[in-house]
Amino acid sequence: MAGIFADRYGRKPLIVLGLSLFSLSNFSAALADDLMLLFVSRLIGGIGSAALVPSIMAYAADIATNEQRTKAMSYIGASMSSGFIIGPGVGGLLAEFGMRTPFFASACIGVLAMIGSMVFLPESLSLEHRLTRQQSRDKKPNVFLQLALSIKSRFFVLLFLVFVLTFGLTHFDAIYPLYVVQSYGFTSRDIAILFTLCSLMGTFNQIMLTTRLIRRFGEKKTINYTLLLSSISFVLLLLSGNFCMSCLSRCCFSPVTTSCGQRSTRFSPREPGKNKDSSLE
């Protein structure tokens with residue numbers, strides 16, 4: 001749904017909408033007095049993320065040339081990893097002033113980002129392109145039918161791969177702290193340091209390493225090799241609770257997800273003749 005609306009009405013409106021829902025989600029969480037309201041706030045945040053993240057990636061694909069897409073996706077991944085670096089530390093400090101304070105702070109940051117996007121972010125799709133898509137009478141199949149039809153598409157493997165990686169990484173982040181506490185006696189301080197180190201390594205990979213790996217070995221080999229390394233690391237993670245093994249298992253995800261994102265954008269339609277002179281240097 002977000003992709004369809006972003007193609008018809010532009011990337012900027014979806015980015016602004018996603019940021020507004022993100023802010024609303026955090027305000028709701030800060031004011032929640034029971035568990036059900038927290039669930040509702042997370043639902044709103046999930047809808048906002050669904051509108052925001054694909055639109056940001058599509059925006060980057062619009063303004064970057066084919067040669068620059070790897071770098072663009074790396075920068076996006078690095079910015080997300082940086083959030084994981086800064087967020088836990090700042091959130092922990094703000095929690096000293098009350099458990100609701102981090103939610104209020106995050107909501108205010110979201111509002112500032114929304115206002116900044118409205119004022120300073122130009123639309124990447126031309127008005128002509130958007131009007132053409134809006135006036136198109138091509139009947140779009142519903143979302144579930146599109147998911148079913150995607151099985152026959154050229155990029156289904158990439159869709160499935162990104163889904164598996166996201167699914168696994170999300171559950172890893174949720175379960176891993178419980179696992180190391182019960183199995184190896186990690187403290188909350190150990191877990192915070194571990195996640196910060198993993199995020200730093202991930203940011204380094206996405207900015208410095210991923211582009212070089214893809215240039216040297218190609219996207220397909222980079223995905224295959226880093227997937228294999230990730231699988232081995234996760235198996236070893238079950239047998240060892242040291243910091244190095246944990247960092248290795250996390251940092252290996254960065255080249256995989258960035259490579260998948262860069263490769264998948266090759267299948268996305270672009271406005272003819274656009275972005276020939278754009279530069280990310």
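Good morning. Read along the sequence, this protein follows the pattern α-α-α-α-α-α-α-α-α-α-α-α. That comes to twelve helices and zero strands, where helices (H or I, at least four residues) and strands (E, at least two) are DSSP runs numbered from the N terminus.

A word on the basis. This is a predicted model, in which local features need pLDDT of at least 70 and side-chain atom pairs count only at pLDDT 80 or more, while totals for chains, interfaces and linings use all residues. Residues are numbered from 1 along each chain as its sequence is written, and side-chain values use heavy atoms, with hydrogens and water left out.

Of the 281 residues, 36% count as buried, that is, under 20% relative accessible area, with exposed meaning over 50% and partly exposed in between (1.4 Å probe, protein chains only). Among contacts (heavy atoms within 4.5 Å) between residues at least 6 apart in sequence, 80% join residues at least 24 apart.

Let us turn to two residues. Ser-25 sits in helix H2, which spans residues 11-31. Is Ser-25 buried or exposed? Ser-25 is buried, with a relative accessible area of 2%. Leaving aside residues up to four places away in sequence, Ser-25 touches Ser-41, Arg-42, Ile-44 and Gly-45. A polar atom of the Ser-25 side chain lies 3.5 Å from the backbone nitrogen of Gly-45.

Val-40 belongs to helix H3, residues 35-63. With a relative accessible area of 38%, Val-40 is partly exposed.

Thank you for your attention.

Key
A polar contact is a pair of N or O atoms within 3.5 Å; within protein, one must be able to donate a hydrogen and the other to accept it, and residues adjacent in sequence count only if both atoms are side-chain atoms.
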